Amino acid sequence: MVLNNNLLDSIILHSYNTVPFYRELYDKNNININELKDSVDITKIPVISKNMIQKSPEKFLSMYKNMLDESLIEKRTSGSSGMPLKIFWDNYDYTNSNYMIWLLRKKQFDISPHSKYCTFHSSYYLNGKNFSKDDHILNNGKCLSLSSINLNSHNIEDKIQKIFDFQPRWLLIQPSIAYLLSNYITKQNKKLPKTIKYIEFSGEYLFPEYRKAVVNAFNCETSNMYGSEETNVIAYECKHNNLHCLSGNVIVEIVKYNKNTLDNEEGNVLVTSLTNRTMPFIRYSLGDIASMNHNHKCKCKNPTPIIDVKAGRISDFILINDHKINSYIFPHIVENINNTQENKILQFQIIQESNSKFTVRLVLKNNSKDSKKIIQKQFITFTENNYLKNMRWEFQFEDILVNDSEHGKFKYFINKTLV
């Protein structure tokens with residue numbers, strides 16, 4: 001894949017000159033930065049993965065930045081791949097990465113940065129403190145961010161009432177949470193704010209039945225956004241239901257057997273951020289499976305490639321009898337443990353074996369008996385505070401949780417009782 005892209009030239013040169021990780025990577029692979037200029041053959045650059053970053057996160061930050069700098073924007077991946085990660089942006093780059101999607105929202109749905117909206121979070125940090133379980137009013141009163149921790153079919157009434165009181169114009173929401181809200185609204189025949197004109201899905205794979213339930217419940221326009229905390233927006237859905245890549249923000253590749261695929265051929269998704277200079281991501285494997293079409297004739301007239309995500313970050317529900325609990329509870333628990341144990345959990349996978357039994361598979365930095373005992377105890381303590389009392393937990397400690405690259409990444413939560 002040969003590209004002539006000034007933004008790509010710039011980010012590659014910046015990564016080599018200011019990020020220790022990339023300088024070591026390029027030198028080790030005999031990559032001459034000067035030869036990459038003008039017409040960049042991006043396939044010469046090795047693919048990077050999340051576990052490579054986790055081994056030395058301090059080397060992945062530009063030397064001009066410091067993780068302790070309070071002016072940086074800190075994001076965290078949801079942990080849906082079993083490997084949560086801290087992401088850092090400076091304010092200028094983060095704003096720049098959102099520029100194109102705001103233009104599209106305005107053009108297609110008359111939504112602007114001044115429009116009030118509601119969203120849900122699983123992690124929220126301020127000055128190093130964890131406020132993930134709290135609901136927050138943000139952006140000078142423009143955003144109501146509701147906690148998805150412990151969200152279940154019994155306490156959802158409170159969340160809906162808060163949305164009603166806030167009177168938002170739109171919702172930015174994960175499909176599984178939107179589906180939970182929609183089912184409750186439909187069954188209870190609840191009233192909704194007449195102000196809601198648009199719902200945008202993000203953060204998970206969007207099942208058609210989820211979208212249908214949301215449209216029936218909310219009776220408003222919807223769109224799908226494909227993105228990541230590492231790069232921000234990757235693709236945005238037009239009114240003809242095609243996800244167009246935001247080429248000014250990211251470069252997207254679909255790769256199989258270390259080669260770029262042909263149009264409509266499935267493979268692993270690699271992304272290169274053209275905007276994040278604090279923590280550059282170049283040929284970064286998201287762990288998703290997708291295909292792309294460069295030679296389409298979409299009726300919206302947008303010429304950028306269309307991506308079709310086959311498997312993404314899918315969120316299930318924990319089912320205890322007839323009681324549904326959102327599975328975001330698990331990355332939240334792992335995150336709390338890592339905050340107290342110096343990020344000892346590198347990967348995790350949780351499987352619901354029955355109504356009351358779970359298997360917890362963990363990869364630790366330190367597999368000593370003491371570490372295992374401490375983490376098991378903390379895990380159980382956190383679950384007992386999160387609607388999971390009296391469950392049986394079987395812990396398995398692994399050297400690595402293998403990701404089948406041909407079928408996408410494993411989910412962090414597998415509910416066998418729902419299969």
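**Helix packing and a pocket in a predicted model**

In α7, the residues I156, E157, I160 and I163 meet L180, L181, Y184 and I185 of α8, where contact means heavy atoms within 4.5 Å. Helices (H or I, at least four residues) and strands (E, at least two) are DSSP runs, numbered from the N terminus. This is a predicted model, in which local features need pLDDT of at least 70 and side-chain atom pairs count only at pLDDT 80 or more, while totals for chains, interfaces and linings use all residues. Residues are numbered from 1 along each chain as its sequence is written, and side-chain values use heavy atoms, with hydrogens and water left out.

**Helices α7 and α8**
- The axes of α7 (residues 156–166) and α8 (residues 175–188) come within 11 Å and cross at roughly 90°; axes are lines fitted to C-alpha atoms, for helices over the stretch in contact, and angles run from 0 to 180 degrees between N-to-C directions.
- α7 is therefore roughly perpendicular to α8 (angles under 35 degrees count as roughly parallel, over 145 as roughly antiparallel, 65 to 115 as roughly perpendicular and the rest as oblique).
- This contact has 7 nonpolar, no polar and 1 charged residues (Ala, Val, Leu, Ile, Met, Phe, Trp, Tyr, Cys and Pro count as nonpolar, Asp, Glu, Lys and Arg as charged, and the others, Gly among them, as polar).

**Helices α8 and α9**
- α8 packs with α9 at an angle of about 45°, and their axes are 8 Å apart.
- That angle makes α8 oblique to α9.
- The two helices, α8 and α9, cross in a left-handed manner (a crossing is left-handed if the near helix is turned anticlockwise from the far one by less than a right angle, and right-handed if clockwise).
- Among the residues that meet are Y179 and I185 in α8, and Y210 and F218 in α9.
- The contact of α8 with α9 has 9 nonpolar, 3 polar and 1 charged residues.

**Helices α10 and α11**
- The axes of α10 (residues 329–340) and α11 (residues 369–384) come within 10 Å, crossing at roughly 135°.
- α10 and α11 are therefore oblique to each other, and their crossing is right-handed.
- Their contact comprises 6 nonpolar, 4 polar and no charged residues.

**The second largest pocket**
- Of the 23 residues that line the second largest pocket, Y205, L206, N224, L243 and V309 lie nearest its centre.
- At least two lining residues come from each of α9 (208–218), β12 (221–228) and β19 (306–311).
- By class, the lining of this pocket has 10 nonpolar, 7 polar and 6 charged residues.
- On a 1 Å grid over the protein atoms alone, a pocket is an open set of points where a 1.4 Å probe fits, with protein on both sides within 12 Å along at least five of seven lines; lining residues have an atom within 4 Å of a point.
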